[in-house]
Amino acid sequence: MDLASFFQNHPKTAVAFSGGVDSAFLLYAAVTYGTEIKAYFVKSAFQPRFELEDAKRMAACLHADLTVLETDLLRTPEITENSAKRCYYCKKAIVTRIIKAAAEDGFSVVLDGTNASDQADDRPGMQALKECAIRSPLRECGLTKADIRRLSKEAGLFTWDKPAYACLATRIPSGSPITAEKLERTEYAEQVLSSLGLTDFRVRLFENAANIQVPAAQLDAVMENRTRIVTELKPLYTNVFLDLEVRT
């Protein structure tokens with residue numbers, strides 16, 4: 001099966017839209033194949049502001065209908081406790097919110113951007129997608145991450161080379177409670193690194209210290225900007241570390 005056939009068989013769908021590479025290409029494909037499509041972005045403290053801006057920009061480029069749903073995930077104890085199943089509970093809350101809104105708008109089929117490179121055994125959230133009967137056309141059609149980036153570039157989508165970005169909660173160690181303050185601190189710290197031109201990085205919380213992880217090729221850039229990074233982050237963290245082993 002290819003995407004053209006999928007959308008021919010599903011002419012009216014809703015999409016869980018994050019503004020990332022995969023969901024952007026999925027929305028583009030739906031629009032291209034003439035599907036009646038509506039995108040839903042769930043806004044919470046777990047997503048940085050730039051993700052919403054990218055989602056709005058892409059929807060506007062594609063002339064697609066976008067609804068932003070406000071959701072307070074911090075009110076769900078199973079999520080804030082940050083156990084090993086946190087991603088499952090979080091994804092379940094998000095897709096349940098989208099399913100409800102989509103049904104109210106007359107959409108019974110909800111899609112997401114999971115692709116053929118995503119392994120079910122290392123993504124707890126995929127269990128929630130299965131339980132909620134979310135369809136994943138990119139995965140079903142055998143499209144890998146590399147395929148999607150290539151096709152996105154050919155289509156002229158600005159997201160084609162957008163770095164992978166996991167939610168802010170992934171920067172907080174499992175078992176450490178998730179709070180609004182920790183999420184806000186992480187978002188600010190990563191905005192600082194982004195403003196310096198760094199990409200594909202993470203600022204992880206280690207006890208009360210910032211543990212910076214960057215690709216090996218960007219280590220020199222971190223050291224060149226060492227003073228500014230420490231000056232910006234030290235008021236928020238007890239220490240600022242550069243991880244020389246773990247890479248994103």
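This is a predicted model: local features need pLDDT of at least 70, side-chain atom pairs count only at pLDDT 80 or more; totals for chains, interfaces and linings use all residues.
Trainee: What's the strand order in the open sheet of 3 strands?
Mentor: The order is 5-6-7, with mixed pairing. Strands are DSSP runs of E, at least two residues, and helices are runs of H or I, at least four, numbered from the N terminus; two strands pair if DSSP finds at least two bridges between them.
Trainee: And which are the edge strands?
Mentor: Strand 5 (202–206) and strand 7 (240–242), each pairing on one side only.
Trainee: How many bridges join strand 5 to strand 6?
Mentor: There are 5, and the two strands run antiparallel. V203 has I212 in strand 6 as its bridge partner.
Trainee: OK, new topic. Where does H10 sit?
Mentor: In the loop between helix 1 (3–9) and strand 1 (12–16).
Trainee: Why does H10 count as buried?
Mentor: Because its relative accessibility is 17%, and buried means under 20% relative accessible area, with a 1.4 Å probe and protein chains only.
Trainee: Which side chain does H10's side chain make a polar contact with?
Mentor: That of R135, at 3.4 Å. A polar contact is a pair of N or O atoms within 3.5 Å; within protein, one must be able to donate a hydrogen and the other to accept it, and residues adjacent in sequence count only if both atoms are side-chain atoms. The H10 side chain also reaches the backbone oxygen of F6 at 2.9 Å.

Methods
Residues are numbered from 1 along each chain as its sequence is written. Side-chain values use heavy atoms; hydrogens and water are left out. Buried means under 20% relative accessible area, exposed over 50%, partly exposed in between (1.4 Å probe, protein chains only).
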